[in-house]
Structure formats: structure tokens, C-alpha cells
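Biologist: Thanks for sitting down with me on this one. Could you put the chain up and take me through it?

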Amino acid sequence: MAITLRPTIAEIRLSAVRRNLQKLKKTAAPARVLFVVKANAYGHGAAALARLAEREDLAWGFGVSSVEEGLALRAGGIISPVLVLGSLYPFESFVEAINADLMMTIASQDAARQVIEAARRLGKKAVCHIKLETGMGRIGARKPAALKIYDELSASGAVSVAGVYTHLSSADTDPAYTAGQLGFLTETVSALAERGARGLTFHAANSCAAVNLPASRLNMVRCGIAAYGLAEGFEPAMTLKTRIVFIKNVREGAFISYNKSFRADRPMKIATIPAGYGDGYIRRFSNKADVLIGGRRCRVLGNVTMDMTMVDVTHVKDAAVGSEAVLLGRQGREEITAAELAAMADTITYEIVTLVSGRVPRVYVE
Ligand SMILES: Cc1ncc(COP(=O)(O)O)c(C=O)c1O
């Protein structure tokens with residue numbers, strides 16, 4: 001493992017992820033849980049969390065966005081089912097996916113033909129799920145094309161169709177639209193059953209639907225955000241923290257950081273922390289976000305820079321070089337939530353944690 005001396009880390013509480021997954025599993029049952037660990041588990045570290053889930057039987061399998069992410073799980077020792085949720089392109093990647101026993105998403109007839117060809121070439125059966133377009137407008141085949149894809153794949157003998165699924169675009173905001181999407185999926189399921197399809201896994205629900213819409217659970221739910229604790233009723237798993245590396249007292253009129261966006265209107269004590277947009281602590285937090293030091297909220301002063309950020313510690317008597325600073329998460333009685341940061345940056349909690357960059361070590365604690 002690379003040596004880490006810089007004190008900026010993302011601490012991931014395994015106990016929180018465990019409890020979140022246990023709750024999802026119980027809520028979804030008898031539907032299975034596919035733990036969505038794409039984008040390095042939304043910044044939390046995919047291999048480590050998948051290993052926890054596999055070891056403790058907290059999920060049936062894992063959802064990733066690409067063949068590369070699936071291969072990384074296999075390299076990390078994961079043997080459970082892995083479904084690649086993205087559309088596979090270039091088509092050569094089917095070979096890698098089949099070799100590594102990754103289940104593939106097939107969303108077009110072109111892809112269906114390519115997966116058949118790859119499976120035949122390898123002499124190994126491929127397993128896939130057909131993706132249905134029901135209103136997300138991203139990838140997926142509409143019902144008539146999906147039925148043709150199913151017929152072609154099942155007739156080939158080279159590919160086994162294990163499931164059919166869709167993705168809900170507005171489970172958290174538009175119940176009527178969501179019901180419409182589920183209706184399209186159910187219609188397709190019935191049409192497939194008429195064609196003799198048996199034992200397929202049907203799935204649609206993301207975290208929000210899995211928790212709030214029992215009708216969406218079908219055979220399986222695909223949950224990411226709730227497992228990381230960023231949905232209501234779940235425990236946040238990530239704390240982004242660092243330590244003060246420099247302290248100074250400034251006079252009234254002192255400017256702080258690039259482009260002088262902050263000017264001290266009184267004498268102030270200012271701390272520099274070694275975290276910036278190079279760590280995923282985005283520039284939109286400049287002059288807006290708070291950081292926790294000594295259990296107190298301390299305002300970010302001036303523009304966040306690539307590697308360092310300045311904060312006001314005038315009111316924190318004990319603040320010194322080495323003091324802990326929490327950028328996301330709890331310290332004492334205070335908490336900076338991902339929702340608070342997301343609102344400030346006009347984005348969603350998913351983006352706040354996913355942006356925590358590769359140079360920030362993930363440290364796993366119970
Ligand atoms: C296809 C698919 N399924 C499931 C999920 C998980 O969604 P959530 O994190 O809201 O649970 C995602 C995430 O965006 C996704 O793209």
C-alpha cells in the first residue's frame with residue numbers, strides 16, 4: 001500500500017454500511033439486493049465494501065458501471081454475481097466480461113448479436129440482462145425491440161438471459177411517472193412469460209423506490225445511495241477529515257486566497273487545512289462551507305484552492321497545527337452533512353461523495 005503521511009483521509013465506517021445493507025435486505029425481502037458499487041462505491045471504495053457485503057452475506061451481488069469496474073471487483077477477490085449496468089462498448093469488451101463471469105446489460109439488437117458472437121468465439125456461455133427503456137431516456141430497448149432481443153439471445157444457445165430491467169428516473173419526485181415506468185416493465189414481463197420465459201429476474205428499484213415503493217421491488221432492488229447512508233433513515237458512512245497544517249493571525253484588511261474574494265473585516269485567526277478541489281472539495285464551497293474544528297463550525301475563507309483551504313478559527317481557542325478538521329461528517333455534537341454541501345453547490349449528495357478524489361486514502365474503521 002502507498003505510504004500516506006498527508007492527514008487528509010476519507011474514513012469509512014463499515015458498521016454503518018453493514019447496518020444500512022441489513023436494513024435494505026430486510027426491507028426488500030423476499031426481493032434480492034444488488035449492491036450498486038459503481039464509481040468506486042460512490043467514492044467509498046468498491047472492493048473493500050463489496051468484500052464486506054460478500055463476507056457477511058449482505059447482498060446477492062454487485063452492480064458496476066463498466067467492465068473495468070467489474071474486473072476490479074474480481075481482482076479484489078469478489079466471486080458473487082456482478083452485473084455491468086452500462087452499455088458495453090466497444091464490443092470487444094464482451095470477451096473480457098464473459099471471461100470474468102460478469103453479467104452484461106444488453107440494450108440493443110446490435111449488442112445482442114455481438115454478445116452471441118463473443119460467446120461463440122470463446123465457447124463459453126454468456127449471461128445477460130436485457131435493459132428496457134421505460135422513460136429514463138438513457139440506454140434501453142423499447143418493448144418490441146426488447147422482445148426481439150430476448151428471442152434472438154434465447155435462440156442462440158450461446159447466451160443465457162437471466163433478467164430484464166429498467167431504471168426509474170424520478171422515483172423520488174414523480175410517483176405517477178414512476179408507476180408508468182413500472183407498468184411498461186410489467187407489460188414486457190407478461191409478454192415474455194407468454195413467450196415461455198421462466199425464472200427471469202425483473203428489477204427496477206433504486207434506493208428510493210426500494211424503501212418507499214413496495215410495488216417496485218419485484219425480484220430484486222439495486223441500491224447504492226442508501227447503503228452509503230445518504231438516504232433518509234440510513235447512516236452516513238463517510239467522514240472526510242484532515243488536520244490543520246498552518247495557523248496565522250491576520251490584521252483587518254488582510255486578503256485570503258486567490259483573487260482576494262475574502263477580506264478580513266477584523267483581526268482574525270486563520271487555519272490552513274490540506275484539502276482542496278484536488279481532493280474533491282470543490283471550489284463552489286469557497287466562502288460558503290463550514291468545517292468542524294474543536295467541535296465548532298468554522299467558515300471557509302476565500303477561494304478553495306487545489307490542495308489547501310483556509311478557515312476561520314478565531315472563535316476556537318485551542319485550534320493549533322495538528323487539530324482535526326472535519327469537512328464532511330460529525331465532530332462532537334456538530335455535523336456537516338452531504339446534503340448541506342450539496343445544497344451549497346446546487347447538486348445532489350451522490351456527487352459530493354463521488355467527487356472525493358483518488359488521492360484521498362480511504363481508511364476503513366468499524
Ligand atoms: C442502473 C442503476 N441502478 C441502480 C442505481 C442505484 O441508485 P441509488 O444510488 O439511487 O440507489 C443506479 C445509480 O445511479 C443506476 O444507474
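Biologist: How many helices and strands are there in the chain?

Modeller: Helices here are DSSP runs of H or I with at least four residues, and strands are E runs of at least two, both numbered from the N terminus. This is a predicted model, in which local features need pLDDT of at least 70, side-chain atom pairs count only at pLDDT 80 or more, and totals for chains, interfaces and linings use all residues. Residues are numbered from 1 along each chain as its sequence is written. The chain has 11 helices and 20 strands.

Biologist: What percentage of the residues in the chain is buried?

Modeller: Buried means that 20 or more other C-beta atoms lie within 10 Å of a residue's own, exposed means 12 or fewer, and partly exposed is in between, with C-beta atoms placed from the backbone. The chain has 366 residues, and the buried share is 46%.

Biologist: Which side of α4 is buried, and which exposed residues does the opposite face carry?

Modeller: Val-67, Glu-69, Gly-70 and Leu-73 are the buried ones in α4. They lie on the same side of the helix because they cover an arc of only 165° around the axis, the arc being that of the directions from the helix axis to the C-beta atoms. The face turned away from that buried side carries Glu-68 and Ala-75.

Biologist: And what covers the buried residues of α4?

Modeller: Contact means that the C-beta atoms of two residues, placed from the backbone, lie within 7 Å. The cover includes α2, α3, β3, β4 (82-87) and α5 (93-99).

Biologist: At what angle do the axes of α7 and α8 cross?

Modeller: Axes are lines fitted to C-alpha atoms, for helices over the stretch in contact, and angles run from 0 to 180 degrees between N-to-C directions. Lys-143, Ala-146, Leu-147 and Tyr-150 of α7 meet Phe-184, Glu-187, Thr-188, Ala-191 and Leu-192 of α8. The axes of α7 (residues 143-156) and α8 (residues 175-194) come within 11 Å and cross at roughly 35°.

Biologist: Which elements each supply at least two residues of the shell around the ligand?

Modeller: Among the residues surrounding the ligand are Val-36, His-167, Ser-207, Cys-208, Arg-222 and Cys-223. By class, the shell has six nonpolar, five polar and one charged residues; Ala, Val, Leu, Ile, Met, Phe, Trp, Tyr, Cys and Pro count as nonpolar, Asp, Glu, Lys and Arg as charged, and the others, Gly among them, as polar. The elements that each supply at least two are α9 (207-212) and β9 (220-223).

How values were computed:
A residue is near a molecule or strand if its C-beta atom, placed from the backbone, lies within 6 Å of it.
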